[in-house]
Amino acid sequence: MAEMKNTNSTGQAMMRMMSGIAVLVVLTALLYFAAPDSFYLWAKAIHILAVISWMAGMLYLPRLLVYHADAEKGSVQSETFKVMERRLLRGIINPAMIVTWVFGLWLAWKGFGFQGGWLHAKIGAVLLLSAMHGYLAGGVRKFAEDRNEKPARHWRMVNEIPTLLMIAIVILVVVKPF
């Protein structure tokens with residue numbers, strides 16, 4: 001019964017996520033056609049909002065995994081962490097990453113024609129952040145199956161990687177050192 005409730009809850013969360021993305025796509029299209037001259041600035045604003053959401057999740061999820069690693073398998077605490085991790089990943093981090101990439105690539109093309117060493121380095125750093133995203137998603141999957149073998153210390157160290165990548169990305173975008 002509890003598993004069925006989780007499945008239903010997950011299905012509802014997926015529907016909300018997909019509905020949110022659909023609304024964003026429709027509003028973006030309307031904005032593009034209604035105000036094409038100012039769309040670049042709107043796209044940049046949407047991109048920044050998505051980055052903030054993605055980074056918030058990427059900084060919080062490893063912290064949840066630190067606490068989860070210390071929880072006893074099968075405990076109420078462990079099951080609560082599973083729900084929190086799944087909802088954070090599917091409801092916030094995944095959609096935010098998708099929106100970040102879509103608008104980021106469009107901005108790189110429209111604003112810079114994919115030119116500039118700083119832009120190539122930034123895209124490389126974002127690729128690493130996306131790989132980190134995949135690693136964390138794998139961790140969430142292992143925790144959900146009670147198969148995590150990594151200690152809390154591992155997840156504490158992993159928690160620093162998104163921060164370092166974020167610092168590099170911000171410096172590349174603002175300073176454009178090359």
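Me: What is Ser130 in contact with, leaving aside its neighbours within four places in sequence?
Reply: Trp54, Met97 and Trp101. Contact here means heavy atoms within 4.5 Å. Bear in mind that this is a predicted model, where local features need pLDDT of at least 70, side-chain atom pairs count only at pLDDT 80 or more, and totals for chains, interfaces and linings use all residues. Residues are numbered from 1 along each chain as its sequence is written, and side-chain values use heavy atoms, with hydrogens and water left out.

Me: Is Ser130 buried or exposed?
Reply: Ser130 counts as buried because its relative accessibility is 18%. Buried means under 20% relative accessible area, exposed over 50%, and partly exposed in between (1.4 Å probe, protein chains only).

Me: And which helix does Ser130 lie in?
Reply: Helix H4. Helices (H or I, at least four residues) and strands (E, at least two) are DSSP runs, numbered from the N terminus.

Me: OK, cores. Which residues touch the most other members of the largest nonpolar core?
Reply: Trp54, Met58, Leu61, Ile93, Leu129, Leu136 and Trp155, out of 27 residues in that core. A nonpolar core is a set of buried Ala, Val, Leu, Ile, Met, Phe, Trp, Tyr and Cys residues joined through side-chain atoms within 4.5 Å.

Me: Which elements give two or more residues to this core?
Reply: Helices H2 (39–70), H3 (76–112), H4 (117–144), H5 (152–158) and H6 (160–175). H4 gives the most, with eight residues.

Me: What does Leu129 touch, leaving aside its neighbours within four places in sequence?
Reply: Leu129 is in contact with Trp54, Met55, Met58, Pro162, Leu165 and Ile169.

Me: New topic: rings. How many aromatic pairs are there?
Reply: The count is seven. Rings of Phe, Tyr and Trp (its six-membered ring) pair if their centres lie within 6.5 Å; planes under 30 degrees apart are stacked, over 60 edge-to-face, and the rest tilted.

Me: Why is the Tyr32 and Phe33 pair edge-to-face?
Reply: Because the ring planes of Tyr32 and Phe33 are at 80°, with the centres 5.2 Å apart. Tyr32 is partly exposed at 39% relative accessible area, while Phe33 is exposed at 66%.

Me: And what about Tyr40 and Trp106?
Reply: Their centres are 6.1 Å apart and their planes at 40°, so the pair is tilted. This pair links distant parts of the chain, with Tyr40 in helix H2 and Trp106 in helix H3, 66 residues apart.

Me: Which residues do ring pairs link into a cluster?
Reply: Tyr32, Phe33, Phe39, Tyr40 and Trp106.
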